[in-house]
Structure formats: C-alpha cells, structure tokens
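Here is a short tour for anyone meeting this protein for the first time. Have a look at the model, then read on.

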Amino acid sequence: MATHGIKDKVAIVGMGCTPFGEHWNRSAEDLLVDANREALADAGLEQGDIDAYWLGTMGSGFSGQLLSRTLKLDYKPVTRVENFCATGSEAFRNACYAVASGAIDVAMAIGVEKLKDSGYSGLTRAAPPHDGTAVGLTAPAAFGLLAPAYANAYGLDDDKLKDVITRIAWKNHYNGARNARAQFRKEVPLEAIRNSPKVSGMLGVMDCSGVSDGSAAAIIVRAEDAYKYTDQPLFVKALSMVAGPGDGPMDPSFDYTSIREVVECARNAYAEAGIEDPRAELALAEVHDCFTPTELVLMEDLGFSDRGKAWRDVLDGAFDLAGDLPVNPDGGLKSFGHPIGASGLRMLFECWLQLRGTAPQERRIDTSVKKLGLTHNLGGHPGDCVSFISVVGTEPAA
Ligand code: COA
C-alpha cells in the first residue's frame with residue numbers, strides 16, 4: 001500500500017473521452033482538444049481554472065509542450081508521463097497525488113495516442129540501446145503464452161480453453177456494440193471469433209485488442225471541494241502502481257498462469273480502499289483485456305474468481321453486463337483498441353458514466369447497491385510489467 005494512501009483525499013469532477021477508432025484525418029492535437037473541451041464542459045470550468053496538467057502519451061509527442069502548444073496554455077505546468085500501456089493511468093495517478101499534496105487545487109490528467117498512422121499494426125516504440133539480453137516477443141506472442149499455460153494447469157483441453165477465450169471476446173464485443181465511442185461497435189458471433197485468422201499460438205485476430213487512436217481526460221480536485229463542481233463526484237478510494245523486477249521469462253517457477261505484478265497491485269489497492277471481497281463489493285471493473293487470455297488470468301489475479309475457476313465463471317456469464325460483476329461493460333480494449341496514453345483514462349470514463357447512472361440504458365449496470373468501480377491497466381508482458389489499479393466510488397468519506 002502507498003505509504004499513507006489516498007483514500008477519499010481527491011475526487012474526479014469532470015471527464016471527457018473522444019470516440020476511439022481510425023482517426024485518419026485527426027491529429028493527436030485534435031483529439032486532445034476534444035477530450036479537454038468535453039472534460040471542462042462536464043465540470044463547468046474554463047481552461048484558466050486548471051492549475052496543472054499531467055499528459056500521458058507513449059509515442060505521440062514529447063514533453064508537456066504537446067499539450068501546452070495545442071491548448072495555448074497560459075504558462076501552466078504540464079508534465080508528460082509514460083509508463084508503457086499504463087501511461088494514461090500514470091497521468092491520473094500523478095495528478096491525484098499533486099492535488100492531494102495541497103500544492104494544486106485543480107489538476108487535469110489527459111492522455112492521447114495516435115497509433116493507426118504510425119505505420120505499425122501494433123505498438124510502436126523505440127527501444128533504448130541494451131545489452132542484448134532483453135527478451136524480445138511481440139505482444140500477441142507474449143500474452144498468448146497465458147492460454148496453454150492456463151489450460152495445462154487446470155486440466156482444460158485446447159477446445160475448452162478456446163471456448164473460454166472466445167466467450168470473453170464475444171462478451172466484450174457485445175458490450176462495445178452498445179457504446180457509440182468504441183472502435184468496433186458490432187456484436188460478433190462466437191463462430192466468427194473462434195475461426196478468426198491466427199495471430200499467435202491459440203490467439204486469432206478476434207482474441208486481440210484493436211489498434212486505434214483516441215484521447216481521454218479527467219479533472220481532479222480535493223475531496224472537500226468536489227461538491228462545488230458537481231453533485232456527483234467520484235471519490236478516489238485507492239491508487240496502486242507496481243513495477244516488477246522483470247524476471248518472469250528467466251524464472252523457472254514463473255508458469256504464466258498468473259501475473260505477479262497484478263497480484264501485488266491488487267493487494268495494495270484493496271488494502272487502501274478497505275475492500276475484502278472484490279467480487280461482492282465492486283459494481284464494475286474495467287480491466288486490461290489486451291488479449292482474451294489476459295482477461296481470463298486477470299479474473300483470478302484480481303480476486304474475482306478462485307484460482308483455476310475463472311474459466312467456469314466466464315462460461316457462466318459471471319462477468320457479463322447482467323452478471324455478478326460486470327467486467328469491461330464499455331467493451332474494453334477489445335472494442336476500443338488501445339491508444340496507450342488514453343486507455344487508462346478511458347476505463348475511468350466508464351466508471352464515471354456507470355457509477356453516476358449516466359451510462360446509456362442499453363449497457364447500464366445496476367449500481368443501486370454497489371458503489372465502487374475498479375480500473376486495471378497493465379504495461380509490458382507477463383513476467384515483466386507494470387500494473388496499475390484505481391478504485392473509485394460515489395460515496396464520500398464516512
Ligand atoms: N478485433 C476485431 N476486429 C479487428 C481487429 C481486432 N483486434 N483488428 C482488426 N480488425 C478488423 C478491422 O476492423 C478490419 O475489418 P473490416 O475489413 O471489416 O474493415 C479487419 O479486421 C482488418 O483490419 P486490419 O487493420 O487490416 O487488421 P490487421 O491485420 O492490420 O491487424 C491485428 C489485426 C490483430 C494484428 C491488430 O489488431 C493487432 O496488432 N492487435 C494487437 C495490438 C497490440 O498488440 N496491442 C498491445 C496490447 S499490450
């Protein structure tokens with residue numbers, strides 16, 4: 001747990017999120033303008049009301065100037081942050097801590113990524129020079145290792161495992177079909193998912209998140225000021241970030257059925273938020289479904305299912321919109337694609353809509369009893385990654 005924790009110290013009072021997709025005729029700057037404008041309008045604020053900015057982007061620009069130039073900011077502090085695929089969440093975490101410190105009254109966390117016109121179908125990154133011992137695998141190859149490992153550990157044959165990961169993609173596309181901001185907005189039949197062209201190991205195209213452009217933003221204030229801006233703030237109950245030692249691929253005991261960084265990150269987050277039974281206490285979870293087996297393993301690492309039981313919970317619909325604990329009700333990375341700097345904030349945007357009862361009716365979940373939402377964002381590969389979790393809720397401190 002963070003040394004003193006952040007529970008109930010800060011709140012979100014406005015958010016914006018662009019549609020994610022192939023924005024061939026829009027620049028990163030255009031997307032930032034849109035997300036910024038929506039967040040300001042949501043909170044009823046002017047640009048000059050924001051005291052400081054944290055900008056998340058992995059490869060769509062350098063330094064805070066990407067934002068200050070774009071928004072013509074009036075000499076305000078802008079910090080650019082990067083933490084692999086958890087970059088958007090990192091922008092949020094840093095903005096929250098700045099406000100909690102008392103140094104800043106109103107902060108914006110904003111993230112953006114333009115991937116489609118980068119010339120790559122997946123992620124783009126310039127690796128720094130290294131000594132040649134770094135493990136080199138594409139993302140689908142690295143996360144694809146989770147599928148046979150899980151099947152082998154829990155006695156599932158390939159067919160059954162394929163049923164399970166297919167069901168995950170089907171569920172997320174079902175949810176995304178009910179979201180106007182998603183990249184892919186069509187339900188996809190189980191057979192089409194199952195038979196989609198092979199990408200790596202057991203993974204087909206439909207087991208992968210898409211590649212898209214997008215931006216999202218959040219405005220953060222001290223918890224005691226939150227009701228000055230909105231009747232329905234979201235209070236931050238926990239922020240947890242863990243960076244692992246990266247020894248998974250070399251460690252014989254690392255068996256690809258669990259991601260240690262996520263387990264540790266979840267332990268910290270639940271301690272900070274005071275959560276004992278996440279499946280019973282959370283109204284929704286937005287998790288990093290970069291590939292379908294990732295979501296499967298996350299259900300266990302996040303404590304939503306017992307070890308070796310998530311596959312059964314998936315098939316039983318426990319994580320569907322009307323299930324015990326809706327997971328990725330907005331459609332997840334599967335339907336949104338994964339513009340790195342924006343994804344973590346996009347996940348929070350769904351909590352913002354759902355917990356405040358403003359999500360569209362066709363995908364609205366029941367939040368009458370449970371008042372907490374979780375976002376989980378992962379950067380790197382199984383065995384060598386950073387993991388982030390936030391817990392947010394509508395109830396102020398008791
Ligand atoms: N899910 C659903 N549909 C997808 C899709 C996906 N992941 N990727 C592409 N499509 C659809 C497109 O909409 C398009 O449909 P259309 O013909 O009806 O317009 C069609 O498939 C072909 O799209 P295209 O862009 O040519 O696909 P591609 O072959 O270049 O890319 C992948 C497919 C799987 C390689 C790409 O989506 C990918 O690299 N995903 C993983 C991204 C990644 O590694 N993220 C990091 C996570 S840690």
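Let's start with Y256. This residue is buried, because its relative accessible area of 17% is under the 20% cut-off. You'll find Y256 in the loop between β8 (234-243) and α8. Its phi is near 65°, a positive value in a residue other than glycine. Keep in mind that this is a predicted model.

S63 has a positive phi too, about 65°, and it isn't a glycine either. Look for S63 in the loop between β2 (52-56) and α2 (65-71). S63 has 30% relative accessibility, so it counts as partly exposed. As background, most residues other than glycine have a negative phi.

## The overall build

Stepping back, the protein chain is made of 13 helices and eleven strands. Its C-alpha atoms fill a box of roughly 60 × 50 × 40 Å along the principal axes. How does the radius of gyration fit a compact globule? For 398 residues such a globule would come out near 21 Å, and the chain has 20 Å, so the two agree.

Contacts tell us about the fold as well: among those with a separation of 6 or more, 78% join residues 24 or more positions apart. Of the 398 residues, 61% count as buried.

## What sits inside

In soluble globular proteins, nonpolar side chains tend to be buried together. Here, the largest nonpolar core has 52 residues, and L161, L296, L302, F304 and L374 have the most contacts inside it. Helix α8 (residues 260-273) gives the most to this core, with six residues. Apart from it lies another core, of 44 residues, including A52, A95, A283 and V386.

## A covered helix

Helix α10 (residues 292-301) is mostly covered, with ten of its ten residues buried. Among them are T292, P293, L296, M299, E300 and D301. Just after α10 comes G303, with a positive phi of about 80°.

Technical notes
Residues numbered from 1 in each chain as written. Predicted model: local features only at pLDDT ≥ 70, side-chain atom pairs only at ≥ 80, totals over all residues. Heavy atoms only, no water. Helix = DSSP H or I, 4+ residues; strand = E, 2+ residues; numbered from the N terminus. Rg over C-alpha atoms; globule rule 2.2 N^0.38 Å. Buried < 20%, exposed > 50% of the residue type's maximum accessible area, 1.4 Å probe, protein only. Contact = heavy atoms within 4.5 Å. Core = buried A, V, L, I, M, F, W, Y, C linked by side-chain atoms within 4.5 Å.
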